[in-house]
Amino acid sequence: MTPHIGAEPGQIAETVLMPGDPYRARWAAETFLDGAELVNEVRGMLGFTGTYKGNRVTIQGSGMGMPSLSIYANELISIYKAQTLIRIGSCGGMQPHVAIRDVIIAMSATTITSPSSGIFREVNFAPTAHYDLLAAAVTAAKTKETATHVGGIYSSDVFYAERPDLDEQMVRHGILGVEMEAAELYTLAARHGRRALAILTVSDHLQTGEALPAEDREKTFGDMVEIALEAAFA
Ligand code: HPA
């Protein structure tokens, strides 16, 4: 047990999927895993362990934002020895060719700051996905109808941004979407020699102002979860 995860040692699998929303963790576990069991409910941040095609996997909520994800990812890595951590989340689209419902596989995650940035002092570290996972996710995505984009994303500290000029620079530099967690996950995985990837569903669009209707979310989210599971065990 850790301060934030109540699972016993051995109850967390080496492969962990991390949605921001704990209820999505429950939905994904009930929908895609066999024999899913609740292994954490501390602070309502639900975690489940089951199997996918015979492989053990945990789906653990991370909460929103890098400080929250950092707590769960640190404990999963250091105490439970998680080896593969895949964020499955939503993001805001930032390019005209990226549409609502599309999936983004994040090669890199740009930030202004993250819980880890103090370590780097004057260096701008480049948080990067694990290549084998990234390549496996791209292969898995080809079996889906959902359009997939691979490239850089922006991990922001704020959902309600007050600096449109920053978004403009991200768009100008080809950033595909904005979310709030991946950069810290990639940095922690790099530090500890683990594999990490973020796969995101575009739930809203910064340029068009469109947002995914709630009833449409499940199907698109499902493709993302399957891409993550196939990539993890490829
Ligand atoms: N901004 C930041 N995080 C997000 C967004 C957004 O527009 N959509 C989903 N996660």
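Reader: Glu41: buried or exposed?
Author: Glu41 is exposed, at 56% relative accessible area. The cut-offs: buried is under 20% relative accessible area, exposed is over 50%, and partly exposed is in between, with a 1.4 Å probe and protein chains only.

Reader: What kind of model is this, and how are residues numbered?
Author: The model is predicted, so local features need pLDDT of at least 70 and side-chain atom pairs count only at pLDDT 80 or more, while totals for chains, interfaces and linings use all residues. Numbering starts from 1 along each chain as its sequence is written, and side-chain values use heavy atoms, leaving out hydrogens and water.

Reader: Back to Glu41. Where does Glu41 sit?
Author: Glu41 is in the loop between S2 and S3. Helices (H or I, at least four residues) and strands (E, at least two) are DSSP runs, numbered from the N terminus.

Reader: How far is Glu41 from Gly6 in space?
Author: Their C-alpha atoms are 7.0 Å apart. In sequence, Glu41 and Gly6 are 35 residues apart.

Reader: And S2 with S3, parallel or antiparallel?
Author: Antiparallel, with four bridges between S2 (residues 34-40) and S3 (residues 47-52). Strands pair if DSSP finds at least two bridges between them. Asn40 is opposite Gly47 of S3.

Reader: How many residues separate S2 and S3 in the hairpin?
Author: Six residues lie between them. Arg43, in the turn, has a positive phi of about 55°.

Reader: Other positive phi values. What about Lys81?
Author: Phi of Lys81 is near 60°, and Lys81 is not a glycine. Lys81 lies in the loop between H2 and S5. Lys81 is partly exposed, at 47% relative accessible area.

Reader: Arg121: buried or exposed?
Author: Exposed, at 72% relative accessibility. Arg121 is in the loop from helix H3 (117-120) to helix H4 (131-141). Phi of Arg121 is positive too, about 50°, although Arg121 is not a glycine.

Reader: Sheet next. Which way do S5 and S9 run?
Author: Strand S5 (residues 84-93) and S9 are parallel, joined by ten bridges. Gly92 has Asp204 of S9 as its bridge partner.

Reader: What about S6 and S9, parallel or antiparallel?
Author: Antiparallel, over three bridges, with S6 spanning residues 103-110. Val103 stands opposite Thr201 of S9.

Reader: What faces Val103 in S7?
Author: Thr148 does. S6 and S7 are parallel, paired over seven bridges.

Reader: And from S7 to S8, how many bridges?
Author: Three, in the parallel sense, with S8 covering residues 177-179. Tyr154 is opposite Val178 of S8.

Reader: How many residues of S9 and S7 are buried?
Author: In S9 (residues 195-205), nine of eleven are buried. In S7 (residues 148-155), six of eight are.

Reader: Now Arg101. Where is Arg101?
Author: In the loop between S5 and S6. Arg101 is partly exposed, at 36% relative accessibility.

Reader: What does Arg101 touch?
Author: Beyond neighbours within four places in sequence, Arg101 contacts Thr146, Thr201, Val202, Leu212, Pro213, Asp216 and Thr220. Contact means heavy atoms within 4.5 Å.

Reader: Helices. At what angle do H2 and H6 pack?
Author: About 25°, with axes 9 Å apart, for H2 (residues 66-78) and H6 (residues 182-192). Axes are lines fitted to C-alpha atoms, for helices over the stretch in contact, and angles run from 0 to 180 degrees between N-to-C directions. H2 and H6 are therefore roughly parallel. That label takes angles under 35 degrees; over 145 is roughly antiparallel, 65 to 115 roughly perpendicular, the rest oblique.

Reader: Which residues make the contact?
Author: From H2: Met66, Leu69, Ser70, Ala73, Asn74, Ile77 and Ser78. From H6: Ala183, Glu184, Leu185, Leu188, Ala189 and His192.

Reader: How do those contact residues divide, nonpolar, polar or charged?
Author: Eight are nonpolar, four polar and one charged. Ala, Val, Leu, Ile, Met, Phe, Trp, Tyr, Cys and Pro count as nonpolar, Asp, Glu, Lys and Arg as charged, and the others, Gly among them, as polar.

Reader: How many H6 residues are buried?
Author: Eight of its eleven, so H6 is mostly covered. Among them are Ala182, Tyr186 and Thr187.

Reader: What follows H6?
Author: Gly193, with a positive phi near 70°.
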